[in-house]
Amino acid sequence: MLMSAATAVLSGSTSPYAIPFNAANPSTVKVHGSNFDMIKNDEVYCSWHSGDWPGNQTPGPNALVKVLSDTEIECSLPSPTVEGTGFIRLAKDGNNYGTGQNDMQIIPFVDATVSHRPFLSDNIEDASILLHVDVDAITAYEDLSSATHLTVCVDLLSDTTDNRYVDYDAEGMLPSDFSLPDLLPCKTIDFTSISTTVLAIPLDLDLSTTRGLPDHITNGLAKIKITIGDNDFPLLPMARLFSIAPSSKITASQTTTVVNHKTRSVSLNDEDWIGFGYYFTSLVEYGTSNITMDNAITGFRTFKRQGLNFIMPYALNTILDEKSDDEITMVLDAFAEYDVMFVCPLLDLIVTMISSPTDSANFTTALTTMKTRMDKVSSHPNLIGWYLCDDCNNYDVFVPEEMALVYTLIKQLDPFHMTTGAPWQWPWATYTWSEGSGLLSLDYIQIENYIPEPAYHIYDGTMRRGLFFEPLSNSPPQYILIPEFDLASNDTHSPDRNADPLPLDPTKPEARHWPPVLEETLAWMGLITFDAAHVINFIDIVEQYGAPGKPKLPPVDNAPHVNAFGDYARIVSRLASVFVPDMTIGSSDLNVEIVETSLCLTPDELPGMPSTNRREMDWTVDDPIVVRGWKTAWESEEGEEEFCAFIIVSNLCARPSTFKLSLGDEGDGWGGVSAALHEFDQDYNVAIDENGEWEEDTVGGYGTTYYRLGCSGFVADPSAET
């Protein structure tokens, strides 16, 4: 029996990735994808790992992967000794395919997840399974070319993972009368009924008969089995963690954070939220008494003016552990005064716990400190989540299997806030921490994307591999964009506080004076290429970050740079329903094509960066701009449906670029509008003829420009009318 991948990946042996399988089936698995010829001479191994979830997996035998063609590989294994569901892992010693050193790609036919994490117990009637079906990929696969439908079956199980970090009895995990609903009925979905504008099909997940909800979080597994066509061609089953959190335990001041997979985003107290912010260093200086609290929160005032709402405050963990109650209150009150949401770092304690036996004094002390630290902020109205790892791809420190167990512990202590962390930007690297890998630890992934040249980001769509439903936050490199920040004596961008700033080495890329406008354009590139509306910029540093008696480093939170980021934040906030749509309803991409552009003359070419999957750019032939359009539902003032769309154009070139666009025939769904309204302002229009062809327009060097098509009555800035 042949099986195709629902989610799959190749990886290095030190950071194994996984695809779920059904061990009761015959042991030949075929994986569909592209560019597999590049590994046909490599020794890539696959192996069984039986078990539902981390903590109870049993390794099995392994075998070499066989490359059948450029689009298909096969894994033939001895039958596993343990029946049930588990994982197949694919890895090659000495070469981590997850680090973006090639363009190989696994193509998922279907992805699925729960609609929300967690489900709040007073709102479980809205619970559903979300299904994304790539009909084109299915029908392009020879064995499925004539298929017209698929069948989905879901089984719910309580999570019986043996997690040594959690004392289930002490936490009152499952009362004696607890039970989940019986097996949900299977559902058949006809491909022809799937609208191209609907990216996620909701299947009702009836939890109304769940009995005996405990006083704390309930973890369970939704085991999803999918077959395609009349011959019931099986996809690899998926196991998705779901949680039910007791609404009765929410305090009056507490903000609840729910991951909303329908929008690839986050809900705060049942309201949609998009994060725009910074990694924030001022508390480091405050914690060492180098600056006052008033100095430290200078950035908060700027953030509030610019519509920025989110920080990851370095050293907050130290302040919570070591400062007085009055000082802690002063810090937390500052978050509330300026309405800045924050995550609380736990990574220092997690590192200790992972590296220590659970019966050791180090582990016990770290766990006690974790509970105390969490208790101090868990009811604060501005807490949004827990920060579990920084540079998460240091697998020797943040061991993925251990991090998955830590995740369960964190959710047991606080089910009402999400977990976050920052892995690097390599393709598939972020997948390690998601539910598809079977090692879920991060609800909200902050991708370290520290490359200032915008042209290197045109292939950032690889960030979405294996993460169709996940909320992703882009982290552009603000600290690199300020050339004065770099010290010639330090190649790592970490300032030496005891050294004077020296002249920049003109041979280094950092010596280029990156303009502030890139703060906005790099944020747009994340949205254009991998649907990352959320942005947490790295890094905000105050002017006082310098040694006594030494020249102070220029502040990174200076007005031009923060203003440019604020431009992005304000526009995306205003158009959140467009850029972060409910995928079960279906705002869809608008067909926009580049017809003609000027050439980017400086430099003539941009060398590739193979280590991060960035190819070279030849400016004598490559387009200097990227463009994307979104359509959205819109009603006129008379209540009639009408065409409404927004188009974003970003310039990859340091010089201004001219361009012409085309919307194609009116049948392509552009509504026959006669003008694009520049900067959403009706005072400057770009004409569109009856064939959808635009007149020429210009975008500034490294800049971004935006257009509105239709949407009568739209107000770009509602506050301006007040």
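**The whole chain**

Among the contacts in the protein chain between residues at least 6 apart in sequence, 78% join residues at least 24 apart; contact means heavy atoms within 4.5 Å. This is a predicted model, in which local features need pLDDT of at least 70 and side-chain atom pairs count only at pLDDT 80 or more, while totals for chains, interfaces and linings use all residues. Residues are numbered from 1 along each chain as its sequence is written, and side-chain values use heavy atoms, with hydrogens and water left out.

Display the chain as a cartoon. The protein chain holds 14 helices and 40 strands; helices (H or I, at least four residues) and strands (E, at least two) are DSSP runs, numbered from the N terminus. Of the 722 residues in the protein chain, 59% are buried. Here buried means under 20% relative accessible area, exposed over 50%, and partly exposed in between (1.4 Å probe, protein chains only). The accessible surface of the protein chain comes to about 27,600 Å², and 48% of it belongs to carbon and sulfur atoms; accessible areas come from the Shrake-Rupley method with a 1.4 Å probe, and for residues only the protein chains shown count as cover.

Select residues 444–448, which form strand β27. Five of the five residues of β27 are buried, so the strand is largely enclosed by the rest of the structure. Show the side chains: Tyr444, Gln446 and Glu448 point one way from β27, while Ile445 and Ile447 point the other way.

Which strands pair with β27? Strand β26 (residues 418–422) pairs with β27 in the parallel sense over two bridges, two strands being counted as paired if DSSP finds at least two bridges between them. Glycine 421 has isoleucine 445 of β27 as its bridge partner. Strand β28 (residues 472–475) also runs parallel to β27, and four bridges join the two. Asparagine 474 in β28 stands opposite isoleucine 447.

Next, centre the view on glutamine 446, which is found in β27. Glutamine 446 is buried, with a relative accessible area of 0%. With which side chain does the side chain of glutamine 446 make a polar contact? The partner is the side chain of tyrosine 279, at 2.8 Å. A polar contact is a pair of N or O atoms within 3.5 Å; within protein, one must be able to donate a hydrogen and the other to accept it, and residues adjacent in sequence count only if both atoms are side-chain atoms. Not counting residues up to four places away in sequence, the residues touched by glutamine 446 include Phe310, Tyr387, Thr420, Pro423, Ser473 and Ile536.

Move to isoleucine 319 in helix α6 (residues 316–322). Isoleucine 319 is buried, with a relative accessible area of 1%. Leaving aside neighbours within four places in sequence, isoleucine 319 is in contact with Leu283, Tyr286, Ile328 and Val331. The C-alpha atoms of isoleucine 319 and valine 284, 35 residues apart along the chain, are separated by 9.0 Å.

Then select helix α7. At 1.5 Å a residue, the 13 residues of α7 (residues 325–337) should span 18 Å, and the end C-alpha atoms are 18 Å apart, which agrees; the expected span is 1.5 Å times one less than the number of residues. In α7, Ile328, Val331, Leu332, Ala334 and Phe335 are buried. These residues cover an arc of only 145° around the axis, which puts them on the same side of α7; the arc is that of the directions from the helix axis to the C-beta atoms. On the other side of α7, Asp325, Asp326 and Glu337 are exposed. Just after α7, aspartate 339 takes a positive phi of about 55°.

**Backbone geometry**

Most residues other than glycine have a negative phi, and most peptide bonds are trans. The following stops depart from this.

- Arginine 264, in the loop between β19 (257–260) and β20 (265–268), has a positive phi of about 55°. Arginine 264 counts as buried at 11% relative accessibility.
- Aspartate 391, in the loop between β25 (383–390) and α10 (400–413), has a positive phi near 55°. Aspartate 391 is partly exposed, with a relative accessible area of 32%.
- The peptide bond from arginine 117 to proline 118 is cis, with omega near -5°.
- The peptide bond from phenylalanine 538 to isoleucine 539 is cis, with omega near 25°; isoleucine 539 lies in strand β29 (residues 534–540).
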